Number of protein chains: 2
Amino acid sequence: MNTLVIYDITDDNIRAKVAEECLSHGLIRIQKSAFLGVINNQVRKSLIRRLAKILGDHRGNIQIFIICDKDMRFRKIISSEDYTPEGDIIFL
Amino acid sequence: MNTLVIYDITDDNIRAKVAEECLSHGLIRIQKSAFLGVINNQVRKSLIRRLAKILGDHRGNIQIFIICDKDMRFRKIISSEDYTPEGDIIFL
């Protein structure tokens with residue numbers, strides 16, 4: 001299933017850990033704080049558990065959406081040519 | 001249709017204008033740079049046109065997704081209790 005993860009997290013380290021977890025679960029970065037990819041239910045559930053553990057008591061919000069193939073066809077991207085979503089990656 | 005708008009924009013003013021446009025088209029803020037709401041095709045198309053015009057040649061990326069009601073039921077929110085998405089609203 002197409003899975004979209006978006007987040008707004010204050011702490012740089014927590015944000016980086018969330019990004020790392022999305023990557024290691026097979027999602028790719030589409031924006032600074034948004035990851036998308038095709039993963040199965042089991043992987044998505046594992047990702048959700050991990051993200052909840054990482055956020056813990058830190059201030060922030062993570063939202064996970066499933067988007068069916070039919071809806072994905074309506075996705076619109078408005079972007080500058082020089083845009084890369086990797087702007088603020090923090091290596092731990 | 002459930003419409004989700006997510007963006008990553010460098011310029012504070014452009015970011016604020018995008019937020020304002022999402023609000024004026026009937027979406028609500030769910031994260032600092034994410035808006036969600038139920039709007040019809042005509043309103044969504046108008047919003048997409050306006051967002052493209054606002055971003056213009058500025059650096060950034062805006063993505064618009066449609067999410068059907070069936071998929072919306074799988075939405076997961078992981079959040080701290082003190083989270084508010086209004087953290088950095090800039091009033092123009």
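Okay, quick definition to start: two strands pair if DSSP finds at least two bridges between them. Helices and strands here are DSSP runs numbered from the N terminus, with at least four residues (H or I) for a helix and at least two (E) for a strand.

Now, what are we looking at? It's a predicted model, where local features need pLDDT of at least 70, side-chain atom pairs count only at pLDDT 80 or more, and totals for chains, interfaces and linings use all residues. Residues are numbered from 1 along each chain as its sequence is written, chains are lettered from A and ligands numbered from 1 in the order in which they are written, and side-chain values use heavy atoms, with hydrogens and water left out.

β5(A) and strand β4 of chain B, residues 60-67, run antiparallel and are joined by four bridges. In that pairing, Ser79(A) sits opposite Asn61(B), and Lys76(A) has Ile64(B) as its bridge partner.

On its other partner, β4(B) runs antiparallel to strand β1 of chain B, residues 2-9, with eight bridges joining them. How buried is β4(B)? Eight of its eight residues are buried, where buried means under 20% relative accessible area, exposed means over 50%, and partly exposed is in between, using a 1.4 Å probe and protein chains only. You can see that on both faces: Gly60(B), Ile62(B), Ile64(B) and Ile66(B) are buried on one side, and Asn61(B), Gln63(B), Phe65(B) and Ile67(B) on the other.

Let's step back to the whole interface. Contact, meaning heavy atoms within 4.5 Å, involves 36 residues from chain A and 37 residues from chain B. The two chains bury about 3400 Å² between them, 56% of it on carbon and sulfur atoms; buried area is the accessible area (1.4 Å probe) that two parts lose on being put together, summed over both. On the chain A side, Gln31(A), Arg59(A) and Ile78(A) lose the most area, together 20% of what that side buries.

What about polar links? There are 26 residue pairs in polar contact across the interface, both residues at pLDDT 80 or more. A polar contact is a pair of N or O atoms within 3.5 Å; within protein, one must be able to donate a hydrogen and the other to accept it, and residues adjacent in sequence count only if both atoms are side-chain atoms. Of the elements on the chain A side, β4(A) gives the most, with eight residues. There are also two salt bridges across the interface, a salt bridge being a side-chain nitrogen of Lys or Arg within 4 Å of a carboxyl oxygen of Asp or Glu. One of them joins the side chains of Asp8(A) and Lys32(B), at 3.9 Å, N to O.

Two residues of chain B to click on. First, Asn2(B), in strand β1 of chain B, stands opposite Ile67(B) in β4(B). Its side chain reaches the backbone oxygen of Ile67(B) at 2.7 Å, and the side chains of Asn2(B) and Asp69(B) make a polar contact of 2.8 Å. Is Asn2(B) buried or exposed? Asn2(B) counts as buried because its relative accessibility is 9%.

Then there's Arg75(B), in the loop between α3 (69-72) and β5 (76-79) of chain B. Arg75(B) is partly exposed, since its relative accessible area is 23%. Leaving out residues up to four places away in sequence, Arg75(B) touches Gln63(A), Ile64(A), Phe65(A), Ile30(B) and Leu36(B). With Gln63(A), the link is a side-chain to side-chain polar contact of 2.7 Å.
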